[in-house]
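Please examine the sequence and the structure shown below.

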Amino acid sequence: WLHFISAGSLARVRIEGGSLQTVNSELSVLRSGFTSFEDKIVFSDSTDGRLYSIPVSGGEPSLLPSMMSDQSEGTRIFSWPRVLSGNTHILVTSSNSENRVGLGNIEVHSLDTGEVTTVIQSASNATYLDSGHIVFIRDADLWAVPFDVTGLNVVGSQAPIIEGIEVNSAYGHAAYSVTSSGRLFYLPGADTGATLNAGNISWIDRNGITSGAVADEGSFAHLRLSPDEELLAFTRYDEGDSSDIFVWEFERNTLGRRTFEGKASRPIWTHDG
């Protein structure tokens, strides 16, 4: 089977092809991550940032023991679970912000007892290798450290192995994968989430001269000029997944908000404006 996320829900399809099967259509796993083994899936629910287990055939999800014993409920975001050898423990990225999932620590969670151990600080998106190492992301670089999977502790020094991998510190995404034989695949790049809420909307003329910003710094998309080119409509993203439509009036130099529920995006104009 190949497991994947389909419109925010966990799904699977046979590797030779065929119709996809939705594991549970009510789950929300967008932006989170999951791992599957022994006919079950461990995933991070994007509605509360906590870890659950569910059978691959479907059913009701249940909290992992480490989530039930965690005293900081609601203050930590747990994502990118990956199983360790033996299927009794998982590596987890633990962060304190849903908007900066990629800036956190690497923890080991026991699937049986719920015991949690922090093994790497200031890191995210970790994977255990059969060579006895954990590889992980830090500052858009791929690092490695020797790890004793029996004692569940780091046994050597951390070292960078690949500089400049495409990551997104906002969501914890990292474009790399390592096979069981040790072959590494990765996409060169940088942190595409580092500029979150730091964008501007500005004019630039044919001579390359940029004029003043239309709005304060933020996250913007889908810019659309009105037919008479006197108004600019755009999407502005706020904390979490919310977004609304704003309109800038050039002559009056004013910004007006047009939607208020945090669910609007991608404005277009009618031909008459």
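Which residues have the most contacts inside the largest nonpolar core? They are L91, I106, I120, I134, F136 and F147, in a core of 14 residues. A nonpolar core is here a set of buried Ala, Val, Leu, Ile, Met, Phe, Trp, Tyr and Cys residues joined through side-chain atoms within 4.5 Å; buried means under 20% relative accessible area, exposed over 50%, and partly exposed in between, with a 1.4 Å probe and protein chains only.

The model is predicted: local features need pLDDT of at least 70, side-chain atom pairs count only at pLDDT 80 or more, and totals for chains, interfaces and linings use all residues. Residues are numbered from 1 along each chain as its sequence is written, and side-chain values use heavy atoms, with hydrogens and water left out.

Strands are DSSP runs (E, at least two residues), numbered from the N terminus. Leaving aside residues up to four places away in sequence, F136 touches I120, A123, S124, N125, A126, D141, L142, W143, A144, V145 and Q158; contact means heavy atoms within 4.5 Å. L142 also belongs to a second, separate core of 12 residues, which includes I162, A174 and V178 as well.

The sheets may be considered next. Strands of a sheet pair through backbone hydrogen bonds, either parallel or antiparallel. Two strands are taken to pair if DSSP finds at least two bridges between them. An open sheet of three strands has the order β1-β2-β3, with antiparallel pairing. Its edge strands, β1 (2-6) and β3 (21-24), each pair on one side only, and the twist averages 35° from one strand to the next. Such angles run from 0 to 180 degrees between the N-to-C directions of axes, which are lines fitted to C-alpha atoms. Three bridges link β2 (residues 9-13) with β3 in the antiparallel sense, and N24 in β3 is the bridge partner of L10.

Four strands form another open sheet, ordered β22-β23-β24-β25 and paired antiparallel. Neighbouring strands are turned by 25° against each other on average, direction ignored. Between β23 (residues 231-237) and β24 (residues 243-249), which run antiparallel, there are seven bridges; A233 stands opposite V247 in β24.

Finally, G182 lies in the loop between β18 (176-178) and β19 (184-186). G182 is exposed, because its relative accessible area is 52%. G182 and S131 are 51 residues apart in sequence, with a C-alpha to C-alpha separation of 7.8 Å in space.
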